[in-house]
Amino acid sequence: MKQLILASGSGIRAEMLRSAGVPFDTVVVRVDEETIKATMLAEGAKPRGVADMLAEMKARRVAQKYPEALVLGADQVLVSGGVLFDKPTSIAKAREQLIALRGNTHELLSAAVIYEDGTPVWRHIGRAQLMMRPFSDVFLENYIKSQSEELFTTVGGYKLEKEGSQLFTRVQGDYFSVLGLPLLEILGFLRTRGICQE
């Protein structure tokens, strides 16, 4: 059985694979996400293309070091009103972002790319649409205070599996993709390689 390597430092992605009973190792690589995003957007790339490229770059970097392994790269982007959002880097940015998303629908695109023998052999983009409720300013400030550092760990400034669920009135699409990994589709591919049982 081939070794599976997750090319991501995301704790929730690792937890999803572990919870599903998938054996894997983790190798974290640095990718200049901001430059890649800026270049692609300047060239007119769609958000799904940006997510796919970021996932592929991570997988490619690890696959170059471990060509004999299956390497899973993943990334997620958030788009609302045609604008691509990044992980907030400060309390002020998190507040600004949550105000922009409040009362509106946004889309999360979670891309996964798998390399085998140094070549991309599988890719998928999971999608979910989320409707954020028009919460009060008092709720917003209490939420920001309670989340502190967690605000900076996700592209939306929330974790749907935790208190972030209180921000929403509706979620449509793949729940696992909201968390950052199109898990069911990945498991389907891994069965074809003997990583998961048929």
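Is the crossing of α2 and α3 left-handed or right-handed? I looked this up in a predicted model, where local features need pLDDT of at least 70, side-chain atom pairs count only at pLDDT 80 or more, and totals for chains, interfaces and linings use all residues. Residues are numbered from 1 along each chain as its sequence is written, and side-chain values use heavy atoms, without hydrogens or water.

Entry on the helix pair. I find the crossing of α2 and α3 right-handed (the near helix is turned clockwise from the far one by less than a right angle). Helix α2 spans residues 33–42 and helix α3 residues 47–65, and they pack at about 140° with axes 10 Å apart. Axes are lines fitted to C-alpha atoms over the stretch in contact, and angles run from 0 to 180 degrees between N-to-C directions. Helices (H or I, at least four residues) and strands (E, at least two) are DSSP runs numbered from the N terminus.

I listed the contact (heavy atoms within 4.5 Å). From α2 it takes in Glu33, Ile36, Lys37, Met40 and Leu41, and from α3 Gly49, Val50, Met53, Leu54, Met57 and Lys58.

Entry on β1. I looked at strand β1, residues 4–7: Leu4 and Leu6 point one way, Ile5 and Ala7 the other, and all are buried (under 20% relative accessible area, 1.4 Å probe, protein chains only). Strand β1 runs parallel to β3 (residues 70–80), with four bridges; strands pair if DSSP finds at least two bridges between them. In this pairing alanine 7 stands opposite glycine 73. Two bridges join β1 to β2 (residues 25–26), also parallel, and isoleucine 5 stands opposite aspartate 25.

Conventions. Buried < 20%, exposed > 50% of the residue type's maximum accessible area, 1.4 Å probe, protein only.
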